[in-house]
Amino acid sequence: MMLFWIGLIALVVWLVARAFTGQDLRSSLERSGLERAHEVLAERYASGEISTDEYRDRLDHLHHTG
């Protein structure tokens, strides 16, 4: 019975905290596919995995298809 009340109180605290932050839970946990694609592309470019020309071409492709 005590676990029930602890769980209920924790749930209420979580809901109140979420309401006051004004953030949607889904948007805070997930990014759009386009944002993630930009990040991966930037990481590959920064690590030297792709050239500047290839980076620009792929970035341009993302903007026209995304």
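Which residues form a nonpolar patch on the surface? The patch consists of Met 1, Phe 4, Trp 5, Leu 8, Ile 9, Leu 11, Val 12, Val 13, Trp 14, Leu 15 and Val 16, with about 1100 Å² of accessible area together (Shrake-Rupley method, 1.4 Å probe, only the protein chains shown counting as cover; patch residues have over 30% relative accessible area and no salt bridge, nonpolar side chains being joined within 5 Å). Phe 4 lies in helix α1, residues 2–21 (helices are DSSP runs of H or I, at least four residues, numbered from the N terminus).

The model is predicted: local features need pLDDT of at least 70, side-chain atom pairs count only at pLDDT 80 or more, and totals for chains, interfaces and linings use all residues. Residues are numbered from 1 along each chain as its sequence is written, and side-chain values use heavy atoms, without hydrogens and water.

Helix α3 comprises 14 residues, 33–46, and Gly 48, with a positive phi near 85°, follows α3. The axes of α3 and helix α4 (residues 52–65) are 10 Å apart, at an angle of about 175° (lines fitted to C-alpha atoms over the stretch in contact, with angles from 0 to 180 degrees between N-to-C directions). The two helices are therefore roughly antiparallel (over 145 degrees).

Methods: The expected span of a helix is 1.5 Å times one less than its number of residues. Patches are made of residues with over 30% relative accessible area and no salt bridge: like charges are joined within 9 Å, nonpolar side chains (Val, Leu, Ile, Met, Phe, Trp, Tyr) within 5 Å. A salt bridge is a side-chain nitrogen of Lys or Arg within 4 Å of a carboxyl oxygen of Asp or Glu. Angles under 35 degrees count as roughly parallel, over 145 as roughly antiparallel, 65 to 115 as roughly perpendicular and the rest as oblique.
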